[in-house]
Each structure stands twice: as structure tokens, then as C-alpha cells.
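Hi,

Here is the structure I promised to pass on to you. Have a look at it first, and then read my notes below.

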Amino acid sequence: MNFYVMTLFPEMIENGMHTSITGRAIAKGLLSLETVNIRAYSETGNGRIDDYPYGGGAGMVMQAEPVCRAYEGLVEKIGSRPRLVYLTPQGRVFDQRMAEELAQEENLIFLCGHYEGIDERVLEEIATDFVSIGDYVLTGGELPAMVMMDSISRMVPGVLSNQESGQFESFQGNLLEYPQYSRPAVWRGKEVPPVLLSGHHGNVDRWRRDQSILRTLKSRPELLLEVAFDKKDRKFLRALLADEGDERLTEEQKSFLTKLLAF
Ligand code: ADE
């Protein structure tokens, strides 16, 4: 996977991406990263790449020409026109599925905006994907580009070690991950759930699956609509609804569960 990032702050991208797992993958040659400083394509030669917005209003707009020139230089070098992701709060919201899909590409270009955005005309010419990382506004597209590259990198074969690839599978089967514990068995008076110390793998697996379901119900209930529940899952859900365990659900959660079980 070759990442190309068009930005006004290349050092931010380089520093972030050369750290931790992505840094190791770049060093191993599993990923490559090239940043393009848009400022180097300033028309005036003094590094200025923004101007006032037509129609007035606050802030500055990144001009079309420097962005387009930076892009043209890049595609000439790559020898093809890869998908170009423009990071914007107006885009489609990034999710795991999109990460998996983008991981199939050989080359990806990310375009990071600043100020009040980029002249729409150049976006019409070069952007293939408009992507937001969530419903909040950041000062620029660099962090969103890094968020996307990080999650796409995880899907690239070899980037995660065998041990790491089992981790962080928060969206496996549309369920959130179960809670994890490590030594000591009692920490400041708080005990690890006894089943995890039992050595009974079947019971441990069952407990983990139940906890995943419970967590998903509490934080992201809508994800449960896509989960294929088996008999034992349903038994656990019915017990929850009947207040048989220590968990107490809110009325809202109960009503959601009742509908879910009716399917
Ligand atoms: N640029 C500013 N905020 C953003 C967001 N939430 N997602 C993607 N790009 C952005």
C-alpha cells in the first residue's frame, strides 16, 4: 500500500506515521508514505496558497491552482490516477467497511484542507471520495488522514504481527470487544471476574461473548440489529431482560431488547 498525502504540514504526517505500528510497517517496506507540500506549488512563489472567498465571509480559501499543480506532479510520478480522498466534515462518514474497501487499493492519495476549505473547482476535477471521520470540526485534514491511514494499514497483510492481529477487533461480527484484565487478580480491592481464572475455556468464551453483547447493547445498540444471535445468545438476552443477573437495564434498553428478541 502506497500512501500519498497532499498537505501544508508534511512534518505532522511524517511524525505521526513513522511512529509505532505504521512506522514499523514503513520501515519493513509493507507501506510507503510520501508527503507533498502544497505550499511548494504556490503560484506567487512566496509560499502563499490561499485567498479571500468570493462572496465574502470569514476565513481564507485554499486556491485551486497550487492544489492542482501539486496533484499533477504527484500523478506524473505515480504513473496513474489513484483514488483521491478529500478529508472534509461534509463527506461520507468513515467506518470499518470503508477501511476494508480502501485497503484493496495499491495507491491512495489524501488531500488535507485548511482554513475554510479548498476552491470547489479543483475538488470537482481531482477528488474521487469525500470523507469525514465524524460529526465534529477539526482545524485541518491531517489528523483525519492519519486516522484513515492507520485503520487501512491494519488491513494490509503483514502489518500486524500474529499476536497483534487478534487485538482491537472491536467490530468483529458487529459486536464491541469484551473487557480485558491482567495481573494482579485483585487490584485496589477490585477483583477480576472469577470465570477468567477458572481455566474453563468454554465458560470463558461464553462469558466474553455475553459481555460483548452487553457492551454493544449499552453503547451501540443499533449494531445489534445486524448480529446473528444463536440459541445461547438469546438465552443470555432473555435472562438480561428478566433481571436475572447483576446487570440492570434501563427501560429504554429493555424495550429495545424486547423488539430485538421478537425477530
Ligand atoms: N476536516 C475538518 N474536520 C474534519 C472531519 N471531521 N473529518 C474529516 N476532515 C475534516
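**What I found**

Let me start in a loop: Pro-184 sits in the one that runs between helix H7 (162-165) and strand S8 (186-187). The peptide bond that joins Arg-183 to Pro-184 is cis, with omega at about 5 degrees. Keep in mind as you read that this is a predicted model.

Another loop, between strand S6 (107-111) and helix H5 (120-126), holds Tyr-115. Tyr-115 is not a glycine, and yet its phi is positive, at about 60 degrees. I point out both spots because most residues other than glycine have a negative phi, and most peptide bonds are trans.

As for the overall layout, the protein chain splits into domain 1 (2-164) and domain 2 (172-261). Between the C-alpha centres of domain 1 and domain 2 there are 39 Å.

What do the nitrogen atoms of the ligand have close by? Here are the distances to the backbone:

- Tyr-136: one of its backbone N or O atoms is 2.8 Å from a nitrogen atom of the ligand.
- Ile-133: a backbone N or O atom lies 3.0 Å from a ligand nitrogen atom.
- Thr-88: a polar backbone atom is 3.2 Å from a nitrogen atom of the ligand.

How much of the ligand does the protein cover? On its own the ligand has 260 Å² of accessible area, and the protein covers 95% of that.

Over to you!

Cheers

Key: Residues numbered from 1 in each chain as written. Predicted model: local features only at pLDDT ≥ 70, side-chain atom pairs only at ≥ 80, totals over all residues. Heavy atoms only, no water. Polar contact = N/O pair within 3.5 Å; in protein donor to acceptor, adjacent residues only side chain to side chain. Areas by Shrake-Rupley, 256 points an atom, 1.4 Å probe, with all protein chains shown as cover. Domains from an automatic or database assignment. Helix = DSSP H or I, 4+ residues; strand = E, 2+ residues; numbered from the N terminus.
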